[in-house]
Amino acid sequence: MILVYIEARKGKVKKAALEALSEARRRAEELKTDVGAALLGSGLEAAAPEAFARGAHKVFLLEGDALGAYSAQAQAMALEELVKEIKPEAVFFSATAQGKDLAPRLAARLGASLASDCTRLEIKDGKIEYTRPVFAGKAFLSFRLKSRPQLASLRPNVFPLLDTGRKEGEVVKKTAAVKPDEVKGRVAEILEGKGGALDVTEAEVIFSGGRGMKAPENFALLEELSGVVPRSAVGASRSAVDSGWIDHHHQVGQTGKTVSPNVYFAFGISGAIQHLAGMSSSKVIVAVNKDPEAPIFKSADYGIVGDLFQVIPPLKDELKKLLAE
Amino acid sequence: MNVFVFVKRVPDTESKIKINRDAKSVVEEGLSFVLNPYDEYALEEALRLREAKGGRVTVFCAGGEECLTVLRKCLAMGADEAVLLKDAAGETYDGLRTARILAKALQAKYPGFDLLLFGKQGMGADNAQVPSMTAELLGLPQANVVTKLQIEGQAGSAVREIEGGEERVEFSLPAVVSAQKGLNEPRYETLRGIMAAKKIQIPVVPVEELGLAPAELAPGLEITDLAMPPERKAGRILTGAPEEAARELARLLRAEAKIL
């Protein structure tokens with residue numbers, strides 16, 4: 001079995017978790033094994049049909065007094081119990097903030113090495129070969145894992161969703177033995193971003209600004225563009241962030257986030273190597289820059305040489321028209 | 001308060017990466033190496049905690065003797081002590097192996113600490129594994145990707161980044177915390193600090209002497225390939241007035257790229 005950890009926030013399953021589940025199912029079919037989905041916490045029965053639709057043969061619901069507010073320590077203990085009982089060949093996570101926090105904790109608990117943030121899985125000679133970006137995407141490392149079970153986290157927005165057309169299957173309920181007093185740290189409070197804005201790592205379209213944005217207030221133009229396109233977010237280059245124009249959590253690049261949206265718009269971004277590293281796996285790159293020699297044009301699928309302040313207003317209207325069709 | 005900081009020597013982010021003919025490792029010649037940028041935030045936080053609460057800051061690095069330069073930099077920034085956990089393995093891309101070395105070194109030789117600080121990830125391997133793994137091996141709570149940290153007595157509170165927001169984690173000490181950009185503004189080393197750092201002896205502890213089993217020191221990854229990403233072809237430049245270019249771009253995104 002390939003067991004997939006399904007992250008849920010406020011009872012709602014994360015899309016990235018379903019992507020990991022879909023990929024697990026595709027690889028499991030090649031390996032001739034089945035797929036389990038693990039949901040931790042209470043009140044998650046309602047998520048089971050979605051898990052079956054995205055590839056699970058079996059859903060494990062783990063409840064317990066220690067599994068309330070998220071704690072990597074408690075969740076790793078509960079997952080270890082399940083892993084020891086059902087003995088999966090592999091355990092997959094999505095490489096979200098929570099997946100990146102939890103997967104290494106479980107890996108160390110099981111004495112297993114971990115393939116973090118994978119962008120490709122292939123079956124070669126009956127074994128899983130993992131491929132992941134290193135140096136923020138300047139190179140790609142492929143490898144096999146020696147330990148069993150194999151642990152991996154899968155990058156969001158990379159693996160397509162599967163539809164099995166099935167909504168039902170076997171649901172196994174378990175109570176985790178971990179006790180609240182064994183847990184030394186947990187989430188006390190969730191502080192939502194403004195208006196529940198989408199994170200750049202989850203966005204399907206990113207409107208990013210660099211030094212060419214000239215002033216912090218001009219990022220409002222990118223907010224407006226983002227307001228027109230669903231599932232989009234505003235990004236920024238390191239120089240824009242270091243100038244204090246926009247918060248660091250928008251930063252794309254080697255000292256920021258690595259993203260792979262469907263479309264990445266780079267406005268006034270020259271294309272320093274450390275920025276390109278963070279966005280070069282975007283499916284389509286659009287660059288708008290005054291300088292025809294800007295390195296960003298070498299990586300862009302579509303480029304406009306011109307003043308971004310003159311391009312953004314008509315672009316907003318065109319996108320609005322297009323999406324209304 | 002006794003704070004330990006774990007650092008890594010990594011290629012500078014402006015570096016162009018080249019791959020060796022074995023297709024399994026990067027060419028180190030010609031690369032400039034630096035203290036991992038995220039580790040600077042971790043060290044700065046440790047120094048600030050010491051300034052506020054007293055105690056000592058000790059920095060650890062696992063790697064070859066070439067890592068002594070990054071340890072010297074940490075001493076010049078103000079760390080009290082530095083320890084090299086000497087390891088000839090090079091980059092294994094295996095976070096568990098590193099975490100085992102760190103955890104074992106603390107258990108065997110350096111048991112007294114209140115807080116273990118890391119950068120949120122080592123630039124290059126980009127695993128973001130070692131802080132959580134070390135926490136698990138030592139049975140400690142963790143807070144990763146932290147942008148705000150508060151310590152009161154034996155209790156800690158940290159704000160960490162999650163998708164589209166933040167969450168606040170509460171934990172007891174000792175604990176593991178990994179630093180994200182934004183936690184603080186790291187100081188530069190001063191000339192006086194650089195001179196003082198030269199006088200501090202850095203103990204060298206071979207990892208083979210920590211009491212780890214050979215199997216625990218064996219890399220858990222069997223590397224099959226290291227390759228450059230497929231090069232992106234330079235695309236099309238859209239000309240004309242901004243309105244025309246914008247219209248053409250929107251059309252192409254739907255008609256040609258089949259998105260939006």
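Modeller: Two strands are said to pair if DSSP finds at least two bridges between them, and helices (H or I, at least four residues) and strands (E, at least two) are DSSP runs, numbered from the N terminus. This is a predicted model, in which local features need pLDDT of at least 70 and side-chain atom pairs count only at pLDDT 80 or more, whereas totals for chains, interfaces and linings use all residues. Residues are numbered from 1 along each chain as its sequence is written, while chains are lettered from A and ligands numbered from 1 in the order in which they are written.

Biologist: How far apart do the C-alpha centres of domain 1 and domain 2 of chain B lie?

Modeller: Chain B is divided into domain 1 (2-217) and domain 2 (230-260), with bounds that come from an automatic or database domain assignment. The C-alpha centres of these two domains of chain B are separated by 44 Å.

Biologist: Which element gives the most to the side of chain B that touches chain A?

Modeller: Counting residues as in contact if their C-beta atoms, placed from the backbone, lie within 7 Å, the contact takes 77 residues from chain A and 74 residues from chain B. Among the elements of chain B that give two or more residues to this side are α3 (95-108), β8 (155-162), β12 (221-227) and α7 (242-255). The most, with 10 residues, comes from α7(B).

Biologist: Which residue of β12(B) is the bridge partner of A:Leu141?

Modeller: Strand β10 (residues 139-145) of chain A runs antiparallel to β12(B), and six bridges join the two. Within β12(B), A:Leu141 has as its bridge partner B:Leu226.

Biologist: Why do β7 and β12 of chain A each have one side without a neighbour in the sheet?

Modeller: In chain A, seven strands form an open sheet with parallel pairing, in the order β7-β11-β6-β1-β4-β5-β12. Because β7 (114-118) and β12 (170-175) of chain A stand at the edges, one side of each is left without a neighbour, and each has a single partner strand.

Biologist: Which residue of β4(A) is the bridge partner of A:Ile2?

Modeller: Strand β1 (residues 2-5) of chain A pairs in the parallel sense with strand β4 (residues 35-40) of chain A, over four bridges. In β4(A), the bridge partner of A:Ile2 is A:Val35.

Terms used:
Contact = placed C-beta atoms within 7 Å.
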